[in-house]
Amino acid sequence: VESSGDPILILDPDGTPAFVNSAAERLLGTLDARGGGRGGLARLVLDRRRRRELLRGLGRAGTFQAELEVLARGGPLPVELRVDRILAPDGTPAGFVAIGSDVSERRATEQRIRHLAHHDPLTDLPNRTLFRERVEQAAENALRSGGRLALMLVDLDRFKEVNDSLGHPAGDALLCAAAGRLRRLAPPGALVARLGGDEFALLLPELVDDGQLGALAERILRSLAEPFALAGRSVRSGATIGVAILPDHAPSPDGLLQHADLALYRAKAEGRGRLRLFDPEIARELCEARELEADLHEAIGAGQLRLVYQPRIEIASGRRVGAEALLRWHHPARGLVTPASFVPLAEERGLILPIGAWVLDTAAAQAAHWVRRGGPPRVSVNLSPVQFREGDPAELLAATIARHGLPPEHLEVEITEGVLLQDTPRVLATLGRIRALGVGVALDDFGTGYASLSYLRKFPLDRLKLDRSFVSDLEADGSARAVARTVIELGHALGMRVTAEGVETAGQLACLEALGCDEAQGYLTGRPVEADALSDGGPAPRPRRPRRAAVAERARSSACGVSSRPP
């Protein structure tokens, strides 16, 4: 008993301590036996309810066990106490033995475990589990009292860029700094949480009006747009916010969380760095997108996807020099679904890889057929930035060309400036491998993206496509002509041919010819048609003009504000 590390007390039948071991003396101090009786032990107990239980236990036969707080030398101490009755040989009560065990460390460990289970280890903010519990409690209170409850989801912008460029320690520092700013901005009674990744949440149970909510969101956006000092550098991130209100936008906690998330999703789709309040239209569009995604899964295997081909002509001669493969979806109920309606969805939901592989295979098979029949000299196929990011277009092209026995010079891929803005060394290497196969590379929609002009020099490109937005205003807008002239001269200086998209009038075509543009594509030169129609000859070639038409040509060129004389 003396060697035990646990406090042990032996009590007389009336509860007077008859023996206290050294561990009990160290923990509790020497007991005054003269205080005697049950009070001598009961005075150690701070919790009244536990005291009553202990006294009842001492008065009963058998064993009493409880966890309680006692007054130790260092203050209140949690102790697990077991009291057993001692019987004399004749069966009469001879006293009690009380064995205590210090459980303060166990309690502290349990508290740490509970804290870790409900808090983010990086920022120490409540995590998703605890936040959801608080949302449910606050929603119940709001619905019972007729109040309103706002939920604000805050997503950091460009967080991945910080992680990728400066490393994960800098990303962690950004999250902690953003958490600190949100804590400082949160009004009294609000709960700030980190839901995971770069997403935070604010629960606002004391919402007064929408004006206050909007003002708070604006303060948060301004604060998170201020630079962060990370890894010795000043870094800007910014944030996007989605908000939903109970019961205005949802009658339940689940609906509130879902609709706030939808509002955030829409805000990010609209350009980030902004606030979006939920409205029913968002839910309707999402439901439609889900239905469209399900239908698109079926379309891939059900033969609903088709390719049409739009011819491309050489402006000077009028001869056909190629055709662009364009994707169409013939939905059994919706009819013709435009690529603008489903291609972004396919890119977002991971369907563009199988669709892109199908498009390339179908176009290559058609190009091989045309090579044997004397069709368009070259077929161009659009590649998505996702195919570069998540696949290997060069390997796919090599396998496709070999499978169909297609001479590579009869195939060309078209990319947008978004491809060039991705991982530059990897994309550069991939484009180099595509060119090494003998496949041409064209830059589509040039002038509408954000790529630097230095990309034109760095990347292996064969052709530039002047965006239709500049072509449509050629006849009336001098600035559009200036842009078109610049792009054409730049392309030629870098050894590329230039194709104008969206050519619809003879006047536009005349302006492009006067500007020295090489090729034209649009409704004037040929609408997208099925492969058979293009094989049969398609639109009639544009004949070369005789020399006697030079005067009339100069008149047209002057109307475009372009000199027809060669430089």
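A residue counts as buried here when its relative accessible area is under 20%, as exposed over 50% and as partly exposed in between, with a 1.4 Å probe and protein chains only. At 0% relative accessibility, Trp329 is therefore buried. Keep in mind that this is a predicted model, in which local features need pLDDT of at least 70 and side-chain atom pairs count only at pLDDT 80 or more, while totals for chains, interfaces and linings use all residues. Residues are numbered from 1 along each chain as its sequence is written, and side-chain values use heavy atoms, leaving out hydrogens and water.

Let's stay with the aromatic rings. The structure holds two aromatic pairs, where ring centres of Phe, Tyr and Trp (its six-membered ring) must lie within 6.5 Å, and planes under 30 degrees apart are stacked, over 60 edge-to-face and the rest tilted. One is Tyr309 with Trp370, edge-to-face at 5.0 Å centre to centre and 75° between the planes. This pair links distant parts of the chain, 61 residues apart: Tyr309 sits in strand β13 and Trp370 in helix α12. Tyr309 is buried at 2% relative accessible area, and Trp370 is buried at 1%.

Trp329 pairs with Phe342, also edge-to-face, at 5.4 Å centre to centre with 80° between the planes. Trp329 lies in strand β14 and Phe342 in helix α11, so the pair ties together parts 13 residues apart in sequence. Helices (H or I, at least four residues) and strands (E, at least two) are DSSP runs, numbered from the N terminus. Phe342, at 1% relative accessibility, counts as buried.
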